[in-house]
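Visitor: Hi! Could you walk me through this one?
Guide: Happy to. Let's bring it up.

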Amino acid sequence: MKVLLLSLALIAPAAFANPELAKAKMCMNCHGIDNKIVGPAYKDVAAKYAKDKDAYKKLAEKIQKGGSGVWGQIAMPPNAVTPAEAETLAKWVLSLKK
(Lines give C-alpha, C1' and ligand atoms only; values in the text may rest on other atoms or scores of the structure.)
Protein backbone atom coordinates (compact mmCIF):
# COMPACT_ATOMS: atom_id res chain seq x y z
CA MET A 1 0.00 0.00 0.00
CA LYS A 2 2.81 2.43 0.83
CA VAL A 3 4.45 1.73 -2.52
CA LEU A 4 1.19 2.43 -4.35
CA LEU A 5 0.66 5.73 -2.55
CA LEU A 6 4.23 6.78 -3.16
CA SER A 7 3.91 5.83 -6.83
CA LEU A 8 0.75 7.87 -7.20
CA ALA A 9 2.41 10.85 -5.55
CA LEU A 10 5.34 10.64 -7.95
CA ILE A 11 3.15 10.30 -11.04
CA ALA A 12 0.67 13.09 -10.32
CA PRO A 13 1.59 15.07 -7.21
CA ALA A 14 -0.42 18.13 -8.23
CA ALA A 15 -3.57 16.19 -9.14
CA PHE A 16 -4.73 16.25 -5.54
CA ALA A 17 -3.84 19.91 -5.01
CA ASN A 18 -5.62 21.49 -7.97
CA PRO A 19 -8.92 22.44 -6.29
CA GLU A 20 -6.89 23.82 -3.40
CA LEU A 21 -4.64 25.73 -5.79
CA ALA A 22 -7.70 27.17 -7.54
CA LYS A 23 -9.05 28.32 -4.18
CA ALA A 24 -5.68 29.71 -3.06
CA LYS A 25 -5.31 31.70 -6.29
CA MET A 26 -8.88 33.06 -5.94
CA CYS A 27 -10.07 31.34 -9.15
CA MET A 28 -13.10 29.95 -7.35
CA ASN A 29 -14.34 33.47 -6.63
CA CYS A 30 -15.35 33.77 -10.30
CA HIS A 31 -15.65 30.15 -11.48
CA GLY A 32 -17.60 27.24 -10.06
CA ILE A 33 -16.90 23.65 -10.96
CA ASP A 34 -20.49 23.01 -12.03
CA ASN A 35 -21.90 26.52 -12.18
CA LYS A 36 -21.17 29.86 -13.73
CA ILE A 37 -20.40 32.64 -11.26
CA VAL A 38 -18.80 35.57 -13.09
CA GLY A 39 -16.89 33.37 -15.51
CA PRO A 40 -17.91 30.02 -16.98
CA ALA A 41 -18.18 26.81 -14.99
CA TYR A 42 -15.02 24.74 -15.19
CA LYS A 43 -16.98 21.77 -16.57
CA ASP A 44 -18.23 23.99 -19.41
CA VAL A 45 -14.66 25.03 -20.19
CA ALA A 46 -13.56 21.39 -20.18
CA ALA A 47 -16.41 20.44 -22.51
CA LYS A 48 -15.65 23.28 -24.92
CA TYR A 49 -12.00 22.28 -25.28
CA ALA A 50 -12.41 18.49 -24.94
CA LYS A 51 -11.22 17.75 -28.49
CA ASP A 52 -8.32 20.22 -28.52
CA LYS A 53 -5.13 18.37 -27.58
CA ASP A 54 -3.27 21.65 -26.99
CA ALA A 55 -6.05 23.27 -24.98
CA TYR A 56 -4.09 23.17 -21.72
CA LYS A 57 -1.45 25.44 -23.25
CA LYS A 58 -4.06 27.94 -24.42
CA LEU A 59 -5.85 27.89 -21.09
CA ALA A 60 -2.63 28.20 -19.12
CA GLU A 61 -1.74 31.32 -21.11
CA LYS A 62 -5.22 32.75 -20.59
CA ILE A 63 -5.01 32.02 -16.86
CA GLN A 64 -1.76 33.99 -16.68
CA LYS A 65 -2.51 36.83 -19.09
CA GLY A 66 -6.29 37.10 -18.84
CA GLY A 67 -8.59 37.55 -21.79
CA SER A 68 -12.05 38.41 -23.03
CA GLY A 69 -14.62 37.68 -25.69
CA VAL A 70 -14.67 33.89 -25.56
CA TRP A 71 -17.31 33.57 -22.82
CA GLY A 72 -18.97 36.97 -23.01
CA GLN A 73 -18.20 40.61 -22.41
CA ILE A 74 -16.72 40.34 -18.91
CA ALA A 75 -12.94 40.14 -19.12
CA MET A 76 -10.88 37.75 -17.03
CA PRO A 77 -7.98 39.67 -15.51
CA PRO A 78 -4.41 38.37 -15.49
CA ASN A 79 -3.70 36.14 -12.50
CA ALA A 80 -0.67 36.06 -10.23
CA VAL A 81 0.36 32.49 -11.01
CA THR A 82 3.59 30.97 -12.19
CA PRO A 83 3.68 29.20 -15.56
CA ALA A 84 3.74 25.85 -13.72
CA GLU A 85 0.72 26.81 -11.60
CA ALA A 86 -1.17 27.98 -14.69
CA GLU A 87 -0.46 24.69 -16.44
CA THR A 88 -1.50 22.71 -13.37
CA LEU A 89 -4.76 24.64 -13.14
CA ALA A 90 -5.45 24.30 -16.87
CA LYS A 91 -4.91 20.54 -16.82
CA TRP A 92 -7.15 20.20 -13.78
CA VAL A 93 -9.94 22.23 -15.42
CA LEU A 94 -9.71 20.09 -18.56
CA SER A 95 -9.93 16.92 -16.46
CA LEU A 96 -13.43 17.95 -15.33
CA LYS A 97 -15.19 16.91 -18.54
CA LYS A 98 -18.89 16.15 -18.12
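Visitor: How many disulfides does the structure hold?
Guide: It holds 0 disulfides, a disulfide being a pair of cysteine sulfur atoms within 2.5 Å. Before we go on, this is a predicted model, where local features need pLDDT of at least 70 and side-chain atom pairs count only at pLDDT 80 or more, while totals for chains, interfaces and linings use all residues. Residues are numbered from 1 along each chain as its sequence is written, and side-chain values use heavy atoms, leaving out hydrogens and water.

Visitor: Is Cys27 buried or exposed?
Guide: Buried, at a relative accessible area of 12%. Buried means under 20% relative accessible area, exposed over 50%, and partly exposed in between, using a 1.4 Å probe and protein chains only.

Visitor: And how does Cys30 count?
Guide: Cys30 counts as partly exposed, at 33% relative accessibility.

Visitor: Switching topic: where does Asn18 lie?
Guide: In helix α2, residues 18-24. Helices are DSSP runs (H or I, at least four residues) and strands are too (E, at least two), numbered from the N terminus. Asn18 counts as buried, with 6% relative accessibility.

Visitor: What is Asn18 in contact with?
Guide: Thr88, Leu89 and Trp92, leaving aside neighbours within four places in sequence. Contact means heavy atoms within 4.5 Å.

Visitor: Last one: where is Ile74?
Guide: Ile74 is in the loop between α4 (55-65) and α5 (83-94). Ile74 counts as exposed, at 61% relative accessibility.
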